[in-house]
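Thank you all for coming. I would like to walk you through one model this morning, taking a few local details before the wider features, so please keep the view open while I talk.

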Amino acid sequence: MNEKILIIEDDKVILKFLTLALKTHGYTVIGSENGLTGLNLFMNQNPDLVLLDLGLPDLDGMLVLKEIRNQKSTPIIIISARGREQDKVNALDQGANDYVTKPFNLGEVLARIRVSLRNQKEVKESSIFEFENLIVDFDKYLVKLDHEEIHLTPIEFKLLELLIKNQGKVLTHAFLQDHVWGYQTVDEYQSLRVFMASIRRKIEGNQGNRFIITEIGVGYRFRDM
Ligand code: CA
């Protein structure tokens, strides 16, 4: 019943602290101080979620991330001292679910773990999405706000669908562009921004960030609580 979390972190103090804290919160915890043992544990123990440090003594954490993602969709939260925006974007592009920068706040890590585990469980195939006063019917291509129908263009609908089906997860500009247009453009995501602004005007009016949160320099995510 207890969800199992694998921590891959070479800093012994942080590993010990997180292990204890997560156990206190009812999780089963397994840990590794390097990438190789971490990958082995991942394959043999099938954890429900992975907390991954990027700076490891043997393998680059990004490589560990790719290896895990090649095998499974297990949620991965990066916990790293690399706070640069580009590192964050790279990790999310490689399939990380979330990113926490050291020094971190335990409450924040616990909240992100809960969100990632919950999202993993929810049935993503459900055809009707309801969130506050917004209803989206994916089969009927229908969006309603306060029971009033809102018209979205096919591209806007596709973008909204991606955000909703990954609720809580930051989707990078490159990910969205790839999944909607299928190729990278050279306009530095200008069209993406235009479409996102239009969606937000339609479903948020002038209350920005009501449903869609802008992660500046990274991408967008659909609010999850
Ligand atoms: Ca480290």
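This is a predicted model: local features need pLDDT of at least 70, side-chain atom pairs count only at pLDDT 80 or more; totals for chains, interfaces and linings use all residues.

**Backbone, rings and a pocket**

Let me begin with His 147, which is exposed, with a relative accessible area of 70%. His 147 is found in the loop between β8 and β9, the latter being residues 148-150, and its phi is positive, at about 70 degrees, although the residue is not a glycine. You will find Glu 132 in the loop between β6 (128-131) and β7, where it is exposed, with a relative accessible area of 52%.

As background to these two, most residues other than glycine have a negative phi, and most peptide bonds are trans. With that in mind, please look at the peptide bond from Lys 102 to Pro 103, which is cis, with omega near -5 degrees. Pro 103 lies in the loop between β5 (98-101) and α5.

Now to the aromatic side chains, where the count comes to 9 aromatic pairs. How do the rings of Phe 129 and Phe 131 lie relative to one another, stacked or edge-to-face? Their centres are 6.1 Å apart and their planes are at 15 degrees, and because planes under 30 degrees apart count as stacked, this pair is stacked. Phe 129 is buried, with a relative accessible area of 12%, and Phe 131 is buried as well, with a relative accessible area of 11%. A second stacked pair is formed by Tyr 141 and Phe 157, with 4.4 Å from centre to centre and 20 degrees between the planes. Tyr 141 lies in the loop between β7 (134-137) and β8 (142-145), while Phe 157 lies in helix α6 (residues 154-165), so this pair ties together parts that are 16 residues apart in sequence.

Tyr 141 is exposed, with a relative accessible area of 55%, whereas Phe 157 counts as buried, at 2% relative accessibility. Returning to the phenylalanines, Phe 129 and Phe 131 also belong to one aromatic cluster, together with Phe 211 and Phe 222. There is a further ring to mention, that of Phe 138, over which the charged end of Lys 165 sits, 4.5 Å from the ring centre.

Staying with helix α6, I would point out Leu 159, which is found in that helix and counts as buried, at 0% relative accessibility. Its C-alpha atom is separated by 7.1 Å from that of Leu 176, a residue 17 positions apart from it along the chain. For another such distance, take Ser 32, which is found in strand β2 (residues 28-32) and counts as buried, at 3% relative accessibility. The C-alpha atoms of Ser 32 and Leu 56, which are 24 residues apart along the chain, are separated by 10 Å. Asn 90, in helix α4 (residues 85-93), counts as partly exposed, at 32% relative accessibility. Asn 90 and Leu 18 are 72 residues apart in sequence, and their C-alpha atoms are 24 Å apart in space.

Finally, I come to the empty space in the model. Rolling a probe the size of a water molecule over the atoms shows where empty space is left. The largest pocket has a volume of about 310 Å³. Which residues lie nearest its centre? They are Ser 73, Asn 97, Gln 120, Asn 166 and Lys 169, out of 17 residues that line this pocket. By class, the lining has 2 nonpolar, 9 polar and 6 charged residues. Helix α5 (residues 106-121) gives the most to that lining, with 5 residues. The lining also draws at least three residues from each of domain 1 (4-121) and domain 2 (128-222), and with both domains in view, I will stop there and take your questions.

Notes: Residues are numbered from 1 along each chain as its sequence is written. Side-chain values use heavy atoms; hydrogens and water are left out. On a 1 Å grid over the protein atoms alone, a cavity is a set of points where a 1.4 Å probe fits but cannot get out, and a pocket is an open set with protein on both sides within 12 Å along at least five of seven lines; lining residues have an atom within 4 Å of a point. Grid points are joined across faces, edges and corners, and a volume is the space filled by probe spheres set on the points. Helices (H or I, at least four residues) and strands (E, at least two) are DSSP runs, numbered from the N terminus. Ala, Val, Leu, Ile, Met, Phe, Trp, Tyr, Cys and Pro count as nonpolar, Asp, Glu, Lys and Arg as charged, and the others, Gly among them, as polar. Domain bounds come from an automatic or database domain assignment. Rings of Phe, Tyr and Trp (its six-membered ring) pair if their centres lie within 6.5 Å; planes under 30 degrees apart count as stacked, over 60 as edge-to-face and the rest as tilted. Buried means under 20% relative accessible area, exposed over 50%, partly exposed in between (1.4 Å probe, protein chains only). A charge sits over a ring if NZ of Lys or CZ of Arg is within 6 Å of the ring centre and within 35 degrees of the ring normal.
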